[in-house]
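This report sets out the salt bridges, domain arrangement and nonpolar cores of a single model. The sequence and structure are shown first.

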Amino acid sequence: MAHPDRFLLAGLMGWPVMHSRSPKLHNHWFAQHGLAGTYVPLAIRPEGLGPALRALAPLGFSGCNLTIPHKETALAFVDEIDGAARRIGASSCIVVRPDGSLLATNNDGYGFIEGLLEADPNWRAGADPIVVIGAGGGSRAVIDSLAERGAREIRLLNRTPERAQTLAREFGGPIAALSWDERHAALAGAAMLVNTTSQGMVGEPPLDLDLDKLPTSALVADIVYIPRETPLLAAARARGNRTVNGLGMLLHQARPAWKAWFGIDTEVTPELRALIEATM
Ligand code: ATR
């Protein structure tokens with residue numbers, strides 16, 4: 001819980017880290033809640049991660065978020081890894097517990113689902129097929145959250161097929177790894193399409209995907225948020241599909257972090273969204 005006699009501290013460990021919008025997001029909540037505290041970017045080289053994590057408790061930090069390249073390696077330095085972080089194989093958030101021990105959790109999948117629900121409150125994972133493109137870290141969080149929500153068929157496609165097959169083996173259940181050549185045809189009958197690759201991000205070429213077979217009723221989600229509308233989302237919107245970008249995922253993954261660090265419920269308001277969008 002927050003204490004009036006304590007300056008609240010949290011931050012983001014990454015390398016590089018200065019491009020991140022997270023300090024703006026978290027510092028908005030400190031101001032909104034009238035709390036003395038701050039969220040700082042922490043530029044931590046890979047070899048410095050262990051000492052940096054161990055310093056959180058003595059420095060009085062409530063915890064931190066993790067970004068590239070620390071999400072997987074952090075698991076080696078913590079005292080406990082929760083279910084989501086274990087299944088995903090990576091941590092997005094470290095919580096310093098009252099005794100100073102470190103808990104690794106992962107809120108990316110939660111953020112993804114909340115972002116979908118914000119765009120479409122009636123969205124359900126349901127029985128209809130979901131197509132997920134990509135098999136990197138973002139994909140692991142998305143797949144885990146969809147499986148947790150009861151998705152019964154996830155068609156997983158990745159340029160490097162072995163990575164998709166590994167995920168299908170690991171997560172089992174609803175996941176079927178298809179070959180990269182099948183990605184256009186795999187859209188037939190899908191209720192949702194999710195891009196978890198870096199394709200379409202600023203500076204990257206668009207995702208090479210022909211949407212002809214995708215039902216116009218399908219929801220199309222991209223975990224990329226810069227640009228706000230990737231070429232994939234623009235093409236989907238032009239043919240009548242509903243679309244969701246990755247900004248909701250970024251904003252909503254921060255809420256469970258605040259609950260765990262400070263015991264405070266936060267909200268993603270239109271004002272907060274506009275504040276972050278103004279930096280994009
Ligand atoms: P992250 O952890 O952010 O997801 P990553 O592990 O590097 O990052 O994964 C990036 C994803 O984008 C992978 O699925 C990658 O496909 P490969 O496994 O074949 O590398 C995908 N990706 C990157 N460049 C791509 C391209 N030109 N075409 C298709 N997929 C691409």
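## Salt bridges

Lys259 counts as partly exposed at 41% relative accessibility; here buried means under 20% relative accessible area, exposed over 50%, and partly exposed in between (1.4 Å probe, protein chains only). The model is predicted: local features need pLDDT of at least 70 and side-chain atom pairs count only at pLDDT 80 or more, while totals for chains, interfaces and linings use all residues. Residues are numbered from 1 along each chain as its sequence is written, and side-chain values use heavy atoms, with hydrogens and water left out.

Lys259 forms a salt bridge with Asp265, the closest N and O atoms being 3.3 Å apart; the term denotes a side-chain nitrogen of Lys or Arg within 4 Å of a carboxyl oxygen of Asp or Glu. Asp265 is exposed, with a relative accessible area of 56%. The whole structure holds 13 salt bridges. Among them is the pair Glu80 and Arg97, whose closest N and O atoms are 2.5 Å apart. Glu80 lies in strand β4 (residues 80-81) and Arg97 in the loop between β5 (93-96) and β6 (102-105), so the pair ties together parts that are 17 residues apart in sequence. Helices (H or I, at least four residues) and strands (E, at least two) are DSSP runs, numbered from the N terminus. Glu80 is partly exposed at 38% relative accessible area, and Arg97 is partly exposed at 25%.

Another salt bridge joins Glu114 to Arg255, with the closest N and O atoms 3.7 Å apart. This pair links distant parts of the chain, Glu114 being in helix α4 and Arg255 in helix α9, 141 residues apart. Glu114 counts as buried, at 17% relative accessibility.

## Domains and their interface

An automatic or database domain assignment gives domain 1 (8-106 + 250-277) and domain 2 (109-245). Their centres, taken over C-alpha atoms, are separated by 26 Å. Contact, defined as heavy atoms within 4.5 Å, involves 14 residues of domain 1 and 15 residues of domain 2.

The area buried between the domains is about 1,200 Å², of which carbon and sulfur atoms give 48%; buried area is the accessible area (1.4 Å probe) that two parts lose on being put together, summed over both. Arg87, Ile88 and His252 supply 45% of the area that domain 1 buries against domain 2, more than any other three residues. Five salt bridges are counted between domain 1 and domain 2.

## Nonpolar cores

A nonpolar core is a set of buried Ala, Val, Leu, Ile, Met, Phe, Trp, Tyr and Cys residues joined through side-chain atoms within 4.5 Å. The largest has 27 residues, and those with the most contacts inside it are Phe112, Leu116, Trp123, Val132, Leu146, Met192 and Val194. At least two residues of this core come from each of α4 (108-119), β7 (130-133), α5 (137-148), β8 (154-157), α6, β10 (192-195) and β11 (219-222). Beyond its neighbours within four places in sequence, Met192 is in contact with residues including Phe112, Leu116, Trp123 and Leu146. A second, separate core of 23 residues includes Val95, Leu247, Phe262 and Ile264.

## Helix α1

In helix α1 (residues 22-32), the buried residues are Ser22, Pro23, Leu25, His26, His28, Trp29 and Phe30. Their cover includes β1 (8-14), β2 (37-43), β3 (63-66), α8, α9 and α10. Just after α1, Gly34 takes a positive phi of about 65°.
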